[in-house]
Amino acid sequence: VTPDLWHLSPEYVVTMASFAKEALKRNKKYFFDPGQALPSFLEGGSEDIFPFAERVRNASGCFVNEYEGLLLEEKFGVTLKELVCDSPKMEFFIKTLGGSGVELFTKDGVFKFDVIEASKITDPTGCGDAFRAGFINYYLKNRSLVDCVRLGSVMGSFAVEGSGGQNHKPSNDDIMNRFSGK
C-alpha cells in the first residue's frame with residue numbers, strides 16, 4: 001500500500017527528484033523539504049530527472065528555514081506567498097525562523113507565529129525535525145494549518161530542552177498543556 005502523503009526530506013538530490021516525480025505520477029500529495037540539499041538543487045542537480053521548479057510547484061506543501069526561503073525567492077524571482085498562489089497544488093509554505101517563530105504562507109495570506117516557550121534552551125539540534133513531525137501529525141488528522149503549526153512549534157520547544165535531536169520524551173499531557181498555553 002502506498003501512503004497518500006509523502007514527506008520528501010533532505011536526501012541525495014537524485015532520490016528526492018525521483019520520489020517527487022513518482023509521487024506526481026501516482027497522484028500522491030507530497031511535502032517538499034529540501035533542507036541541506038537545496039544548494040545542490042539550485043546548482044542544477046537532478047534537473048534531468050524532474051525539474052526543480054516543477055518539484056516545488058507540484059508539492060502540496062514546502063518547509064524551509066529563513067535562509068532557504070531567501071534562496072528560493074531569489075531562484076524563482078517571487079515571494080514565497082506568490083509561489084504558493086502560483087502553484088495549483090500547493091496548500092502552504094512554512095518558513096521557520098529559529099527563535100523568532102514561524103511564518104505560514106497560504107493562498108489566504110501570510111501568518112506569523114511566535115515560538116512556544118521552552119523551559120530551557122539546551123540544544124537546537126533536531127528542533128526542525130520535531131517541528132515537522134508535530135506539523136505532519138496534525139495534518140494527517142485533518143487539523144487546521146494553524147493547529148499544525150502550533151503542534152509543530154510545541155514539539156520543537158521540547159526538542160530544544162534536551163541535548164541531541166532525539167532525547168526529548170514529553171508525555172501527551174505535557175504536549176497538550178503546552179499546546180493549550182498552560
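In this predicted model, helix H6 (residues 127-140) packs against helix H7 (residues 145-161) at an angle of about 145 degrees, and the two axes lie 7 Å apart. An angle and a distance are given here because two packed helices are described by the angle between their axes and the distance between the axes. The H6 and H7 crossing is right-handed. On the H6 side, the residues that meet H7 are Cys127, Ala130, Phe131, Gly134, Phe135, Asn137, Tyr138 and Tyr139. Their partners in H7 include Leu145, Cys148, Val149, Leu151, Met155, Ala159 and Val160. Sorted by class, the contact between H6 and H7 has 13 nonpolar, 5 polar and 1 charged residues.

Attention can now turn to the nonpolar cores. The largest nonpolar core contains 27 residues, and Tyr30, Phe32, Phe52, Val56, Leu72 and Phe93 are the ones with the most contacts inside it. Elements that give two or more residues to this core are strands S1 (5-8), S2 and S3 (61-65), together with helices H1 (13-25), H2, H3 (52-57), H4 (66-76) and H5 (80-86). Among these contributions, the largest share is that of H1, with 5 residues.

Two individual residues complete the picture. Asp33 is found in the loop between strand S2 (29-32) and helix H2 (38-42). Is Asp33 buried or exposed? Its relative accessibility is 3%, and because buried means under 20%, Asp33 counts as buried. The side chain of Asp33 makes a polar contact of 2.9 Å with the side chain of His7. Apart from neighbours within four places in sequence, Asp33 is in contact with His7, Leu8, Ser9, Pro10, Met16, Phe63 and Arg132.

Gly109 belongs to strand S6 (residues 109-113). With a relative accessible area of 12%, Gly109 is buried. When residues up to four places away in sequence are not counted, Gly109 touches Lys81 and Leu104. Gly109 and Val64 are 45 residues apart along the chain, and their C-alpha atoms are separated by 17 Å.

How values were computed
Residues numbered from 1 in each chain as written. Predicted model: local features only at pLDDT ≥ 70, side-chain atom pairs only at ≥ 80, totals over all residues. Heavy atoms only, no water. Axes fitted to C-alpha atoms, helices over the stretch in contact; angles between N-to-C directions. Helix = DSSP H or I, 4+ residues; strand = E, 2+ residues; numbered from the N terminus. Left-handed = near helix turned anticlockwise from the far one by under 90°. Contact = heavy atoms within 4.5 Å. Nonpolar A, V, L, I, M, F, W, Y, C, P; charged D, E, K, R; others polar. Buried < 20%, exposed > 50% of the residue type's maximum accessible area, 1.4 Å probe, protein only. Polar contact = N/O pair within 3.5 Å; in protein donor to acceptor, adjacent residues only side chain to side chain. Core = buried A, V, L, I, M, F, W, Y, C linked by side-chain atoms within 4.5 Å.
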